[in-house]
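Open the structure in a viewer and keep the selection tool ready. The stops below go from the whole chain to single residues.

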Amino acid sequence: IVTALLLTTLAVTIVGSLFWQQQVQVRSIENQRLQLQKQWILRGALDWTQLILRADATIDNQNNSRVDHLGEPWAVPLAETRLDEYVDNPRANPEASDAVLSGSIEDAQARYNLNNLASNGAINPRELAVMRRLLANLGLKEGFAQGIADLVAGGQRRSTTGGGTQGGVQNTTQGDGRMRVEQVDDLLAVPDLTPEVLETLREFVIVIHSGTVTPINVNTAPAEVLSARIDTLSMSDAAALVAARETTWFRSVNEFIERARNIGATGANPQDLSVSTEYFLINGHVSMSRAAMDMRALIRRPGTQQPSLIWVREF
């Protein structure tokens, strides 16, 4: 009897272990399938946003007006939308009916491009002053500006020309050996810059490797960025300009400069400003069953050309 009980216990233990391993494998396969489904949904949403941006550029071209502002369709966020609303027979896949998608398109040029701080590994003093003003507007230590500029400059490739005055050979080196700044999170490498400081700064800066100083869009930039970009523009005056453009956006840079001059902000450089945008940030969130995924992407839309994907990150 004891032997029979032992054998029964052993058999139950083995069978239970096999069932547990099988359950783990099934759950792992389900998670992988959900992961792939979420990725494809977000990639589909990314293609959709590219169509929206291209349609916007086509309309602007037809109207002979290259102006991007927050009153356009691309600036309207997508609220949480159940995907089964667009499926003829959602009961065919019960899990697919649980998928919820939301997202938004942001103007990347509403933010300050950190790559403006340096060119060819050399810090631009004028842009360094802009960064200091932005930090002050956000209530952060202005001393972080120098560390951020050093980090950006240290990761840039430097080109030198040698071989005499005629037919010089251009050589490229990787700065002082630091990694190139690719995203805002890389600023944590700056001494004493804490995650709390980074979170405050995150919504006002971006990293765009455009090769030139990226102008800000005066139709979409927040007051903190406008005031930092124009040294004679106070925060209160910048906030007034932001409030005024909600009813009437700026159709040209000269119109903005004239409006700023009327309130005492002089000396704005037209090359630092723009009323159109070439770079856009795409934010996406999808939840399906028990899992969720977020995506952020940077898209470049040069004029009326087909938008191109610069990078995409999933987390």
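Two notes apply to the tour. This is a predicted model, in which local features need pLDDT of at least 70 and side-chain atom pairs count only at pLDDT 80 or more, while totals for chains, interfaces and linings use all residues. Residues are numbered from 1 along each chain as its sequence is written, and side-chain values use heavy atoms, with hydrogens and water left out.

**The whole protein**

Select everything and colour by secondary structure. There are seven helices and 13 strands; helices (H or I, at least four residues) and strands (E, at least two) are DSSP runs, numbered from the N terminus. The protein has 315 residues, and 39% of them count as buried, where buried means under 20% relative accessible area, exposed over 50%, and partly exposed in between (1.4 Å probe, protein chains only). Among contacts (heavy atoms within 4.5 Å) with a separation of 6 or more, 60% are accounted for by residues 24 or more positions apart.

**Helix H1**

Next, select isoleucine 14, which sits in helix H1 (residues 2–62). Isoleucine 14 counts as partly exposed because its relative accessibility is 46%.

**The loop between S8 and S9**

Move to threonine 214, in the loop between strand S8 (205–206) and strand S9 (216–217). Is threonine 214 buried or exposed? Threonine 214 counts as buried because its relative accessibility is 6%. Show Gln109, Asn113 and Asn116, which threonine 214 touches when residues up to four places away in sequence are not counted.

Now pick threonine 212, also in the loop between S8 and S9. At 55% relative accessibility, threonine 212 counts as exposed. Threonine 212 lies 94 residues from alanine 118 in sequence, with 9.8 Å between their C-alpha atoms.

**Helix H5**

Finish at glutamate 224 in helix H5 (residues 223–229). Beyond its neighbours within four places in sequence, glutamate 224 is in contact with Leu134, Asn137, Leu138, Phe204 and Met235. The C-alpha atoms of glutamate 224 and arginine 133 are 8.7 Å apart, while the two residues are 91 residues apart in sequence.
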